[in-house]
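These are my notebook entries on one protein chain.

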Amino acid sequence: MNSIEKTLEYHELLMTYSDTSKFGDDTLPKGFHYEFYKSGDEEEWSKIHIESGEFMSMKEGLKIFHDFYGSFLKELPKRLFFIINDVGEKVGTATISLLSEKEFGYDAVVDWLAIKKQYQGYHLSKPMINKVIKLANELGHKKLLLHTQTHTWLAAKLYLDLGFEPFNVEEDMKGWQILKTITNHIKLRNIKKVPENDIYFDIALKTKAKLDELFETNYEYSIWHKNGRHDVEVNYNNHLYKYKYHDDKNGFWLEKDK
């Protein structure tokens with residue numbers, strides 16, 4: 001299974017970290033270092049999320065950047081950091097967001113943690129998560145809230161490994177059941193598994209099969225199905241392709257969006 005698996009049913013997963021004074025080693029492998037955000041890094045931030053499969057275009061990434069960070073933009077030079085390789089390429093990023101209103105009693109949230117797909121496997125995730133916890137402590141946040149999801153199941157497993165705990169489980173039990181079925185994590189021992197054929201989103205499976213026929217490999221995609229939408233966006237070789245999906249008496253098919 002891919003580290004980002006969009007054929008899974010999407011469910012948000014909330015986690016908490018109760019004591020940020022406790023964190024592991026944040027030392028990166030040789031050839032990588034941390035740097036904080038500077039004005040003008042917006043495109044590099046967006047590029048990381050495009051190349052990790054989160055966004056489909058620079059336009060989408062920049063819009064989300066400004067919409068999300070607009071309320072605490074001046075805080076970013078101490079809250080948003082990058083992992084940079086030895087040739088100056090930004091390959092990963094994470095943020096300790098400052099909330100204007102507390103969420104479940106938390107005033108800080110781990111947000112937008114991502115590593116470019118080609119650098120996943122370079123042992124960057126563990127030190128980066130430890131860096132997040134350490135940074136939160138330095139900023140005066142004694143505890144943290146984290147939003148993750150079933151699509152990024154492998155990251156969710158790593159958060160649990162490094163001390164985060166499931167939170168508000170009853171709000172979306174199915175999401176935690178999916179994570180339990182995939183990982184069988186010890187922290188989910190009181191949660192029941194579901195049949196493996198019940199963890200996937202049927203429309204996503206059908207869409208992925210059609211896109212495999214069209215693009216074969218090395219593409220990223222998003223499906224927009226809520227509020228009556230039937231949209232599919234594909235990033236292939238840095239080109240954006242748009243489709244409408246149809247699931248009717250003629251079977252499942254994609255129509256190129258004009």
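**Entry 1: Residues with positive phi**

I note that the model is a predicted one. I located Asn168 in the loop that runs between β7 (165-167) and α6 (173-183). Its phi is positive, about 55 degrees, although Asn168 is not a glycine.

I then turned to Asn227, which also is not a glycine and has a positive phi of about 55 degrees. I found Asn227 in the loop between β8 and β9 (231-236). Is Asn227 buried or exposed? I list Asn227 as exposed, because its relative accessible area is 82%.

Two further positive phi values turned up where helices end. Gly53 follows α1 and has a phi near 95 degrees. Asn184 follows α6, with a positive phi near 50 degrees.

**Entry 2: Helix α6 and Gln177**

I next asked how many residues of α6 are buried. The count is eight of its 11 residues, so I describe the helix as mostly covered, taking buried to mean under 20% relative accessible area. The buried residues are Gly175, Trp176, Gln177, Ile178, Leu179, Lys180, Thr181 and Thr183. Among the elements that cover them I noted β1 (12-17), α5 and β7.

I took Gln177 of helix α6 for a closer look. I count Gln177 as buried because its relative accessible area is 18%. Leaving aside neighbours within four places in sequence, I found Gln177 in contact with Ile191, Lys192, Lys193 and Val194.

**Entry 3: Thr16 in strand β1**

I looked up Thr16, which is found in strand β1. Thr16 counts as buried because its relative accessibility is 9%. Which residues does Thr16 touch, not counting those up to four places away in sequence? I listed Tyr106, Leu144, Leu145, Gly163, Phe164, Glu165 and Phe167.

**Entry 4: Helix α1 against helix α2**

I examined how α1 (residues 42-51) packs with α2, and read an angle of about 115 degrees with the axes 9 Å apart. The crossing of α1 past α2 is right-handed. On the α1 side, the contact is made by Glu42, Glu43, Trp45, Ser46, Lys47 and Ile50. On the α2 side, I recorded Met58, Gly61, Leu62, Ile64, Phe65, His66 and Tyr69. By class, the residues of this contact divide into seven nonpolar, three polar and three charged.

For α1, I listed the buried residues as Glu42, Trp45, Ser46, Ile48, His49 and Ile50. These buried residues pack against α2, β3 (80-85), β4 (90-103), β5 and β9.

**Entry 5: Two long-range separations**

I checked Asp67, which is found in helix α2. Asp67 is recorded as exposed because its relative accessible area is 53%. Asp67 and Phe167 are 100 residues apart along the chain, and their C-alpha atoms are separated by 26 Å.

I placed Gly140 in the loop between α4 and β6. Its relative accessible area is 46%, so I class Gly140 as partly exposed. From Gly140 to Phe32 I noted 26 Å in space, C-alpha to C-alpha, and 108 residues in sequence.

**Entry 6: The largest pocket**

My last entry concerns the largest pocket, in which I read about 1,500 Å³ of space. Its lining consists of 50 residues, and Ile4, Glu54, Gln149, His151 and Thr152 lie nearest the centre. I found that α2 (58-69), β5 (106-115), α4 (125-138), β6 (144-149), α5 (153-161) and β8 (219-224) each supply at least two residues of the lining. Which element gives the most to the lining? I recorded β5, with six residues. By class, the lining residues divide into 25 nonpolar, 16 polar and nine charged.

Note on methods. Residues numbered from 1 in each chain as written. Predicted model: local features only at pLDDT ≥ 70, side-chain atom pairs only at ≥ 80, totals over all residues. Heavy atoms only, no water. 1 Å grid on protein atoms, 1.4 Å probe; cavity = no way out; pocket = protein on both sides within 12 Å on 5 of 7 lines; lining within 4 Å. Points joined across faces, edges and corners; volume = space filled by probe spheres on them. Helix = DSSP H or I, 4+ residues; strand = E, 2+ residues; numbered from the N terminus. Nonpolar A, V, L, I, M, F, W, Y, C, P; charged D, E, K, R; others polar. Axes fitted to C-alpha atoms, helices over the stretch in contact; angles between N-to-C directions. Left-handed = near helix turned anticlockwise from the far one by under 90°. Contact = heavy atoms within 4.5 Å. Buried < 20%, exposed > 50% of the residue type's maximum accessible area, 1.4 Å probe, protein only.
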